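Hello,

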Amino acid sequence: MFMDSDNGRQQELDLVVENLNRAFINEERTEAVIAACTLFDHGDDKRHVQEIYTGADRALVKLLNLSMSFADPDAEEIALLVKALDMVYRCPGKYVWTSYLDVAEVLIPLYIGILELCLSARDNLDPTVVDITNSLLKISNCRFSSDSIDSRPVVDGMGMIAQLVGVADSMVDIKAKINAIITISNLTHETEDSVLLSMATFSKKAIPNLLITTATNPLFGDKTRKVSLGGLLNISSLAQNQALLGVDVGIIHGLCNLMREEDPDFKRGATAILDCFSKHPSSGIALVKYKKGIAVTSLIRMTHEMDDTICRSAISSLRNLLETPEVEKAMKSKKMNIEVYKCLAKSTAKLHMHTGPMTRGLPQTGAVRPNSPAGPFRASSRSYEEVQ
């Protein structure tokens with residue numbers, strides 16, 4: 001077992017964990033959790049690892065389970081327990097993931113229940129929501145770190161996804177909203193995570209609409225917006241989602257707006273997503289029909305960008321549209337096909353001259369997920385303080 005050089009602290013830690021495990025009546029629980037918060041509130045990685053090895057995480061989850069089992073849970077006690085666990089999770093990611101695998105079966109249902117109480121309560125419980133979303137953000141981060149070799153999903157079930165979307169859509173502290181949005185974006189990295197399945201069971205478009213709304217809202221800051229756009233790209237790269245999302249007027253409108261942004265990262269993400277949508281006939285027709293072809297016009301404009309990634313994604317999108325008979329017919333009816341052909345001829349020649357032959361699809365510059373399109377976006381584990 002890990003032993004800190006300060007044997008006195010180990011003894012103090014042993015006592016605190018023992019009291020957490022033994023606490024039952026109200027006074028014992030209060031004293032135990034206050035002592036835990038006092039001891040765990042520091043920034044020393046080694047000491048947080050020591051807390052994990054000593055079983056502080058298991059003891060806190062055990063006591064949290066007890067507190068939530070009462071008919072009228074004590075909000076203050078629950079808030080302190082959630083805070084104490086988030087303190088312990090300041091340890092390096094691989095230890096957070098090890099702890100999560102150990103306590104997830106009990107912890108996730110507890111988090112769902114607590115978030116439900118917080119979002120429905122009239123009292124200001126924002127600090128508790130912030131602490132829970134902080135912990136979930138750390139967990140979702142280490143799931144995709146190089147230290148993690150376990151392939152199990154972070155969230156197994158729709159309840160937590162629904163609560164994260166609820167946090168993001170509610171009038172809670174902006175820190176909690178951003179934590180929830182980035183956590184959802186992190187979960188889109190892997191098809192095993194139920195955030196992708198949730199589109200078929202829980203409000204089919206809730207997550208994509210949340211991500212595009214965040215990506216187009218300057219109030220969230222560029223870094224959070226780009227993380228959200230990356231999440232939408234991950235979801236859009238799955239063939240089964242392209243027909244569903246590509247016909248959504250709100251998403252198409254948001255992507256067209258992003259292609260007008262000065263920051264090329266937004267243009268890269270938007271054109272990469274449209275490249276995904278353009279592969280499906282119904283989505284292609286929706287792009288052609290949207291506001292008299294403004295999406296197609298935007299893609300034509302993107303072929304003139306100096307950035308090769310943007311240019312190639314736009315060209316690939318336009319090619320996909322022309323190569324789909326139903327979509328080409330729709331373009332002919334709006335007299336757009338000739339303009340697109342001319343654009344492709346000029347743009348492809350330009351790319352061939354500067355960068356070599358144009359290949360099908362997106363340039364592979366580091367896929368976000370195996371078999372998904374490449375892009376500049378990767379979901380981030382950064383907390384609110386880091387992304388601001």
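Helix α9 (residues 174-187) and helix α12 (residues 222-236) have axes that come within 8 Å and cross at roughly 30°. Angles under 35 degrees count as roughly parallel, so α9 and α12 are roughly parallel to each other. The crossing of α9 past α12 is left-handed. On the α9 side, the residues involved are Ile178, Ile181, Ile182 and Ser185; they meet Thr224, Val227, Ser228, Gly231 and Asn234 in α12. Sorted by class, this contact between α9 and α12 has 4 nonpolar and 5 polar residues, with no charged ones. Please keep in mind throughout that this is a predicted model.

A second pair to look at is α14 (residues 249-258) with α15 (residues 264-277). Their axes also come within 8 Å, and they cross at roughly 140°. That angle makes α14 oblique to α15, since only values over 145 degrees would count as roughly antiparallel. As α14 passes α15, the crossing is left-handed. From α14, the contact is made by Ile251, Leu255 and Leu258, while α15 brings Phe266, Lys267, Ala270, Ile273, Leu274 and Phe277. By class, the contact of α14 with α15 has 8 nonpolar residues, no polar ones and 1 charged residue.

Leu321, Leu322 and Glu323 of α18 make the contact with Pro325, Val327, Glu328 and Met331 of α19. In this contact of α18 with α19, 5 residues are nonpolar, none is polar and 2 are charged.

I also picked out two aspartates for you. Is Asp86 buried or exposed? Asp86 sits in helix α5 (residues 75-88), and its relative accessible area is 8%. Anything under 20% counts as buried, so Asp86 is buried. Leaving aside residues up to four places away in sequence, Asp86 touches Asp131, Asn134, Ser135 and Lys138.

Asp6 is the other one, and it lies in the segment before α1 (7-22). With a relative accessible area of 33%, Asp6 is partly exposed.

Finally, some figures for the protein chain as a whole. How many helices and strands does the protein chain have? Its secondary structure comes to 21 helices and 0 strands. Of the 388 residues in the protein chain, 55% are buried. The accessible surface comes to about 17,100 Å², and carbon and sulfur atoms account for 53% of that surface. As for contacts between residues at least 6 apart in sequence, 73% join residues at least 24 apart.

That is everything I wanted to hand over. Happy browsing, and do write back with any questions.

Best wishes

Technical notes
Residues numbered from 1 in each chain as written. Predicted model: local features only at pLDDT ≥ 70, side-chain atom pairs only at ≥ 80, totals over all residues. Heavy atoms only, no water. Helix = DSSP H or I, 4+ residues; strand = E, 2+ residues; numbered from the N terminus. Buried < 20%, exposed > 50% of the residue type's maximum accessible area, 1.4 Å probe, protein only. Contact = heavy atoms within 4.5 Å. Areas by Shrake-Rupley, 256 points an atom, 1.4 Å probe, with all protein chains shown as cover. Axes fitted to C-alpha atoms, helices over the stretch in contact; angles between N-to-C directions. Parallel < 35°, antiparallel > 145°, perpendicular 65-115°, else oblique. Left-handed = near helix turned anticlockwise from the far one by under 90°. Nonpolar A, V, L, I, M, F, W, Y, C, P; charged D, E, K, R; others polar.
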